[in-house]
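Dear colleague,

I am passing on the structure below, followed by notes on what was found in it. Please read them alongside the coordinates.

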Amino acid sequence: MPLPPPPVHRPSKKEESELLFKGVTCALIGLVVLLAPYVARSSSVGEMMRQAYLVGWFALVLGCAFLVRYGLRRYGGRRRY
């Protein structure tokens, strides 16, 4: 007697939309932190934002990773394993 196939977890629309929201939000925060020193009017604010460049890069990379994960779930889920 053959075993039944394993259950396939399909992400819900809510999970997909939350992943998209997280990705866009993190990427925007990263871009703002990275671009802020160039548009800051105050030199102290610009210097503070220059010191936070690692946080900006981290947020940007994390946001892009969320967006890639969203894309893989959305468009890569059509393949059979």
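Helix α1 gives the most to the nonpolar patch, with seven residues, helices being DSSP runs of H or I of at least four residues, numbered from the N terminus. The patch, about 770 Å² of surface, is made by Leu 20, Val 24, Leu 28, Leu 31, Leu 35, Tyr 38, Val 39 and Leu 67; such patches join nonpolar side chains (Val, Leu, Ile, Met, Phe, Trp, Tyr) within 5 Å, from residues with over 30% relative accessible area and no salt bridge, areas coming from the Shrake-Rupley method with a 1.4 Å probe.

The model is predicted, with local features needing pLDDT of at least 70 and side-chain atom pairs pLDDT 80 or more, whereas totals for chains, interfaces and linings use all residues. Residues are numbered from 1 along each chain as its sequence is written, and side-chain values use heavy atoms, without hydrogens or water.

Helix α1 (residues 13-39) packs against helix α3 (residues 53-75) at about 155°, their axes 7 Å apart, and the two are therefore roughly antiparallel (angles over 145 degrees, between N-to-C directions of lines fitted to C-alpha atoms over the stretch in contact, on a scale from 0 to 180).

Of two salt bridges (a Lys or Arg side-chain nitrogen within 4 Å of an Asp or Glu carboxyl oxygen), one pairs Arg 74 with Glu 16, the closest N and O atoms being 3.5 Å apart. Arg 74 lies in α3 and Glu 16 in α1, so this pair ties together parts 58 residues apart in sequence.

Best regards

How values were computed
Angles under 35 degrees count as roughly parallel, over 145 as roughly antiparallel, 65 to 115 as roughly perpendicular and the rest as oblique. Patches are made of residues with over 30% relative accessible area and no salt bridge: like charges are joined within 9 Å, nonpolar side chains (Val, Leu, Ile, Met, Phe, Trp, Tyr) within 5 Å.
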